[in-house]
Amino acid sequence: MRFDVLTLFPDMVEGPLRHSMIGRALEAGHVELGVHDIRAHGLGRHRTVDDAPFGGGSGMVMRVDVLDPAIAAVRRPDSHVVLFEPSGTRFDQRMAERFATLPHLVLVCGHYEGIDARVREHLVDETVSIGDYVLTGGEYAALVVVDATARLLPGVLGNATSASDESFSSSGTLEYPHYTRPREYRGWAVPDILLSGNHGRVDAWRREQARARTEAVRPDLAREKS
Ligand code: 6GU
């Protein structure tokens with residue numbers, strides 16, 4: 001799978017994704033990533049990318065005649081083009097799973113007060129938000145979407161790790177608690193059941209812990225499930 005990110009701040013996106021599991025997946029060739037400066041398509045000597053809104057008002061608006069060639073430069077016949085803005089569809093695990101089936105995702109990071117509405121109307125396939133709060137731009141959203149999507153791709157996580165038995169997967173619950181050595185630290189003991197060697201009882205205990213935690217911190221998820 002290939003990701004192409006269009007942004008006014010390439011370093012914000014490039015740096016974090018070259019690290020950690022995703023960085024290793026890029027090096028190993030499981031994932032391809034391009035990060036592109038929208039300003040390369042800016043207008044005139046100052047490479048202008050925005051202008052004042054028609055009808056008046058505060059803030060600047062990103063120009064459609066800048067974003068159009070920026071998208072066209074990376075678009076392929078099989079591309080899915082996503083625009084990040086606060087009014088987009090909320091990103092979740094199900095959307096990550098859908099994106100992970102696609103060959104090519106183009107991620108357009110908005111900035112300023114907004115983006116000329118003709119971009120949404122004519123140039124992108126869908127708009128996405130990562131939550132109900134306002135960011136200064138779509139860069140953090142792009143990082144979230146690339147990370148959550150890429151880790152679902154074959155080979156990206158080590159084979160010891162499974163993306164399928166964790167929070168928000170098909171089980172619809174949050175994860176059970178994990179423990180490792182030492183068995184006791186400052187008087188804080190690991191639950192005895194995990195040291196019992198009885199895998200059936202361990203599994204049942206973990207399912208109950210996951211259910212109870214979901215009920216306590218995310219009753220909305222618990223309800224969705226039943
Ligand atoms: Cl995708 N963009 C901006 N600017 N703010 C956001 C967002 C996106 N998602 C949540 N807040």
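Ser20 is placed in helix α2, which covers residues 20-28. The phi of Ser20 is near 65°, a positive value in a residue other than glycine. Most residues other than glycine have a negative phi, and most peptide bonds are trans. Pro182 belongs to the loop between α6 (139-150) and β9 (184-185). The model in which these features occur is predicted.

The strands considered here form an open sheet of 5 strands in the order β2-β1-β6-β5-β8, and the pairing is parallel. At the edges stand β2 (32-37) and β8, each of which pairs on one side only. On average, neighbouring strands of this sheet are turned by 30° against each other, with direction ignored.

Within the sheet, strand β1 (residues 2-7) runs parallel to strand β6 (residues 104-109), and 5 bridges join the two. Phe3 has Leu105 in β6 as its bridge partner. Helix α1, made of residues 10-17, lies across β1 and β2 and runs at about 160° to β2.

**Ligand surroundings**

Which residues surround the ligand? They are Phe84, Glu85, Pro86, Val128, Ser129, Ile130, Gly131, Tyr133, Leu135, Gly137 and Ala141. By type, the residues of this shell divide into 7 nonpolar, 3 polar and 1 charged.

Nitrogen atoms of the ligand lie at the following distances from N or O atoms of Ser129, from a polar backbone atom of Ile130 and from a backbone N or O atom of Leu135.

| Residue | Protein atom | Ligand atom | Distance |
|---|---|---|---|
| Ser129 | side-chain N or O | nitrogen | 3.2 Å |
| Ile130 | polar backbone atom | nitrogen | 3.0 Å |
| Leu135 | backbone N or O | nitrogen | 3.0 Å |

Taken alone, the ligand exposes 290 Å², and the protein buries 96% of that area. Two elements give two or more residues to the shell around the ligand, namely β5 (79-90) and β8 (126-129). The largest share, 3 residues, comes from β5. Both elements are also strands of the open sheet, where β5 and β8 follow one another in the order. Of the two, β8 is an edge strand of that sheet.

How values were computed: Residues are numbered from 1 along each chain as its sequence is written. This is a predicted model: local features need pLDDT of at least 70, side-chain atom pairs count only at pLDDT 80 or more; totals for chains, interfaces and linings use all residues. Side-chain values use heavy atoms; hydrogens and water are left out. A residue is near a molecule or strand if one of its heavy atoms lies within 4 Å of it. A polar contact is a pair of N or O atoms within 3.5 Å; within protein, one must be able to donate a hydrogen and the other to accept it, and residues adjacent in sequence count only if both atoms are side-chain atoms. Accessible areas come from the Shrake-Rupley method with a 1.4 Å probe; for residues, only the protein chains shown count as cover. Helices (H or I, at least four residues) and strands (E, at least two) are DSSP runs, numbered from the N terminus. Ala, Val, Leu, Ile, Met, Phe, Trp, Tyr, Cys and Pro count as nonpolar, Asp, Glu, Lys and Arg as charged, and the others, Gly among them, as polar. Two strands pair if DSSP finds at least two bridges between them. Axes are lines fitted to C-alpha atoms, for helices over the stretch in contact, and angles run from 0 to 180 degrees between N-to-C directions. Contact means heavy atoms within 4.5 Å.
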